Amino acid sequence: MGAKCQSCGMPLNKDPSKGGTEADGSISQTYCSFCYRDGAFIHPDFTVAEMQEHCLVQLRERGMPAIMAWVFTRGIPKLGRWTA
Ligand SMILES: [Zn+2]
C-alpha cells in the first residue's frame, strides 16, 4: 500500500507524527494522526462528503490554493476507508 492515509489521502511522510496510533501504541501504516488515534477513527461518524469538506477546510487553512485543495479531495472516495 502506498504511504498515504487511507481516510483523508494525506501522505504519511507529511504527517508530523508519521501516522496514527494503534490501540497498542504502535504507529499505523494505514491512517494519519489526524484521522486515527489509539486504534479508532477520530471522526467515526464522518461520511465521505463530510471528510472531503473537512479536508478542504484544513488544506485551505494551510494555504493550499482552492483549486488544488478541491482536486486533492476528489480522490478521497477511492481510499480504503471508503471503499471497504
Ligand atoms: Zn488521514
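Before anything else, my terms: helices are DSSP runs of H or I with at least four residues, strands are runs of E with at least two, and both are numbered from the N terminus. I am working from a predicted model, where local features need pLDDT of at least 70, side-chain atom pairs count only at pLDDT 80 or more, and totals for chains, interfaces and linings use all residues. Residue numbers start from 1 along each chain as its sequence is written.

**Entry 1: Val57**

I looked up Val57 and found it in helix 1 (residues 48-61). Is Val57 buried or exposed? I count by C-beta atoms placed from the backbone: 20 or more others within 10 Å of a residue's own is buried, 12 or fewer is exposed, and in between is partly exposed. Val57 counts as exposed because it has 12 C-beta neighbours inside 10 Å. I also checked Val57 against Ala69: they sit twelve residues apart in sequence, and their C-alpha atoms are 8.5 Å apart.

**Entry 2: the helix pair**

Two packed helices are described by the angle between their axes and the distance between the axes. My axes are lines fitted to C-alpha atoms over the stretch in contact, with angles running from 0 to 180 degrees between N-to-C directions. Helix 1 and helix 2 (residues 66-74) pack at about 145 degrees, and their axes are 9 Å apart. Which residues make the contact? I call two residues in contact if their C-beta atoms, placed from the backbone, lie within 7 Å. Helix 1 brings Gln52, Cys55, Leu56, Leu59 and Arg60, while helix 2 brings Ala66, Ala69, Trp70, Phe72 and Thr73. For classes, I take Ala, Val, Leu, Ile, Met, Phe, Trp, Tyr, Cys and Pro as nonpolar, Asp, Glu, Lys and Arg as charged, and the others, Gly among them, as polar. That gives seven nonpolar, two polar and one charged residues in the contact of helix 1 with helix 2.

**Entry 3: positive phi**

Most residues other than glycine have a negative phi. I noted Lys18, not a glycine, with a positive phi of about 65 degrees. Lys18 lies in the segment before strand 1 (36-37), and it is partly exposed because 14 other C-beta atoms lie within 10 Å. Asp38 has a positive phi too, near 55 degrees. Asp38 lies in the loop between strand 1 and strand 2 (40-41), and counts as exposed with 11 C-beta neighbours inside 10 Å.
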